[in-house]
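Hi,

Here is the structure I promised to pass on.

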Amino acid sequence: MNTDQLYDSLRKLQEPKGYYFNKDRQHVDRLLNSLMVNKERYGYMACPCRLAANDREWDRDIFCPCVYREPDVKEFGRCYCGLYVSTDWNAGRIADQYVPERRPMEKMFGPG
Amino acid sequence: MDKKVKLYALSTCIYCQNTKAFLKDLQVEYDSVEVDLLEKDQKLAVVREIHKITPTVAFPVIVIGEKVITGYRPDEIKKALGL
């Protein structure tokens, strides 16, 4: 699968749910490429902006789209990585701002 | 520029790549580590190292002298560098 194919398949799945790709296609393509790197490396599409533990169960919260996408898009108009955004964000009605990490700190240390 | 600059990054993280490009444009020399490419034990040690200096481990982490910046924040980086 290449980034164009991944883009098309994810768009079809996510747009009906109200999540849109960032209008910056270059940013999106770089993230999709990183998702494919993680798929190859870990066997699942871990969020490229977070440190995965290489443990499927431990990292389930950061399988893209991560569980933090919903509250982040609701509060900031975009997810942590800026892959998925709302229509308002893409239209410039919401200012681009830094999205703070919601993943609990204890998750960062891995399962041990 | 006499402040030591260290970057903790992820190889897959676009904001980490943007931070590197930004530092390069500013002609700032820095040490960097790509945490996701480390072995498991080393990875844990580096996460603990980061957690000692900042409450949230969010990449990129940029250490400029005593200042710690998490996330790609060009204005804060420039300010910390005195530029």
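This is a predicted model: local features need pLDDT of at least 70, side-chain atom pairs count only at pLDDT 80 or more; totals for chains, interfaces and linings use all residues.

Residues are numbered from 1 along each chain as its sequence is written, chains are lettered from A and ligands numbered from 1 in the order in which they are written, and side-chain values use heavy atoms, with hydrogens and water left out.

On the interface, 25 residues of chain B are in contact with 23 residues of chain A (heavy atoms within 4.5 Å). About 1900 Å² is buried between the two chains, with carbon and sulfur atoms giving 61% of that (accessible area, 1.4 Å probe, that two parts lose on being put together, summed over both). Thr12(B), Ile14(B) and Tyr15(B) supply 31% of what chain B buries against chain A, more than any other three residues.

The rule finds one salt bridge across this interface (a side-chain nitrogen of Lys or Arg within 4 Å of a carboxyl oxygen of Asp or Glu). Arg41(A) and Asp36(B) form a salt bridge, at 2.8 Å from N to O.

Over in chain A, helix H3 (residues 69-76) (a DSSP run of H or I, at least four residues) has Arg69(A), Asp72(A), Val73(A) and Phe76(A) buried (under 20% relative accessible area, 1.4 Å probe, protein chains only). Seen down the axis, these fall within an arc of 95°, so they line one face of H3(A) (the arc is that of the directions from the helix axis to the C-beta atoms). Glu70(A), Lys74(A) and Glu75(A) sit on the face turned away and are exposed (over 50%).

Cheers

Technical notes. Helices (H or I, at least four residues) and strands (E, at least two) are DSSP runs, numbered from the N terminus.
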